[in-house]
Amino acid sequence: MGSRQVSASDLAGLLGPDALGRFGLPGRITVAGLGISGISAARALVGLGARVTVVDNGDGDAHRARAAELAELGIEVRLGHLPDGARAGEALPEGTELVVTSPGWQPQSPLFLAAAEAGVDVVGDVEVAWRLRGAGAELRAARRAAAEGTVEGAASEPAGPAEWLAVTGTNGKTTTTQMLASILKAAGLRTAAVGNIGTPIIDVVLGEQQYDVLAVELSSYQLHWAPSLRVHSAAVLNLAPDHLDWHGSMQAYAADKGRIYEGNTVACVYNVADKATEDLVVEADVEEGCRAIGFTLGAPGPSMLGVVDGILVDRAFVENRQKNAQELAEVKDVNPPAPHNIANALAAAALARAYGVEPRAVRDGLRDFRPDAHRVARVDEVASVVYVDDSKATNTHAAEASLASFDKVVWIAGGLAKGATFDELVQKSAGRMRGAVLIGADRALIAEALARHAPEVPVVDLDRTDTGAMLAAVREAAALAEPGDTVLLAPACASMDMFANYNKRGDAFADAVRELAAENAADTA
């Protein structure tokens, strides 16, 4: 990646004592949360000369170890309960002029209510990175000059910070961001996939590596706390109910997603099949000349990208788009070529084309792309039945897209519903279901939806949460499946009732399939 954790001495020595003010930051800052993004923000801010206090309600061994590391940099860390009995993460430290929050902290947290009462702004790490993007170029030029022992070293540094191409949506964000980065790399551009994808964006912005353009995944949480973000081009892939306990309503959730379009300079990319995404474009306040660009699985109209006879085509970034279209890639270049993943590829291509990438790079980037584990990943074929792991399908919208990728499915589903309902999912997918095996805490909600809308579908209700539960689920699914079917893990629920995360759930599924394959091989030997 070329980035590294920010050194306090680097920033203080190279940017000068006035760095905070030059980049719109005050002198006394509280960071909420001792996770990856919180540590990244705290290190950078203290390096700029801020007096930083980190607060977190946790007080375990891991928290204390991180706190000790930050204390060596002169950062005060308050954990657990304070001497007055209050929780550290709920009390606003005296003198705080800005709060920088980790993404998951809810807007109604006591700390933020106290900040509002005191007239103190709350922002996220993405907002800090956005404000500091100009500092990165200064740092790299200063480091080069220092290494060469001359100020002339700064002359070759490219002017200005890297552009941001941003992606959000209920589902498909990570895959689309990674596809976009692959396309940009195929075009010969220096790029990285950053943000909600796991790499702290502050570390990248202030790191030693110079980038031309960044592929930035942004969650609704991050967008909520990024009021001044104004990117080159952005895409909202889709909108479906999710994280409503955090946002309070679907309207508020959509509004936070829509923040990604504010101030766009070149293109706002939307999903033609999801009118809510287009509505967000209409409502956005963008720069003069910024264009609305749609993507569709059908034949595209002008200012759209779409699919014609198995070809991904562009009618947006071509001359005379009323009559002309540009071939970009074939559907078979998309891995895997499931409908929702083709939509992801079109969105990534639209952002890349908005940045000026040539068609050949779109094709080559899509061919080079390999999806992360647990995203519609084929595990094995046993007795002419294919087993597919889509453990990442943690909500109904993602599960619906996954189910739509196959003709006949034995569906393994269930977990923590997070307030979701399953009627619409079952109604749309019932015709594809050979059967269903239900696991997890809220499986009854799915069973009730199946009883209402697909009573002919056989259902196995697996009432167990032990370590062998997934193997039992796979065996039950195998018993329901017929040759040519797909057994699909697409839970439509979060995993934490039975597993540490969706990765562990997917791993358990893959292990169970491999055990089933071994048993089948032994039986037929």
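Visitor: Which residue stands opposite Val487 in β20?

Guide: In this predicted model, Tyr387 stands opposite Val487.

Visitor: What makes β16 and strand β20 a pair?

Guide: Two strands pair if at least two bridges are found between them. β16 and β20 (residues 486–489) have four bridges, so they meet that condition, and their pairing is parallel.

Visitor: In which sense do strand β15 and β16 pair, and over how many bridges?

Guide: Strand β15 (residues 377–382) pairs with β16 in the antiparallel sense, over five bridges. Ala377 has Asp389 of β16 as its bridge partner. The hairpin of these strands has two residues between them, and Ala383 takes a positive phi near 55° there.

Visitor: Why is strand β16 called largely enclosed?

Guide: A residue is buried if its relative accessible area is under 20%. Five of the five residues of β16 (residues 385–389) are buried, so the strand is largely enclosed by the rest of the structure. Val385, Tyr387 and Asp389 point one way, while Val386 and Val388 point the other way.

Visitor: How do you know that the span of helix α19 is close to the expected one?

Guide: The expected span is 1.5 Å times one less than the number of residues. Helix α19 (residues 502–524) has 23 residues, for which 33 Å is expected, and its first and last C-alpha atoms are 33 Å apart.

Visitor: What covers the buried residues of α19?

Guide: The covering elements include β15, β16, β17, α18 and β20. Among the buried residues of α19 are Phe509, Val513 and Leu516.

Visitor: Which residue caps the N-terminal end of α19?

Guide: Asn501 does, with a side-chain oxygen 3.1 Å from the backbone nitrogen of Asn503.

Methods:
Residues numbered from 1 in each chain as written. Predicted model: local features only at pLDDT ≥ 70, side-chain atom pairs only at ≥ 80, totals over all residues. Heavy atoms only, no water. Buried < 20%, exposed > 50% of the residue type's maximum accessible area, 1.4 Å probe, protein only. Contact = heavy atoms within 4.5 Å. Polar contact = N/O pair within 3.5 Å; in protein donor to acceptor, adjacent residues only side chain to side chain.
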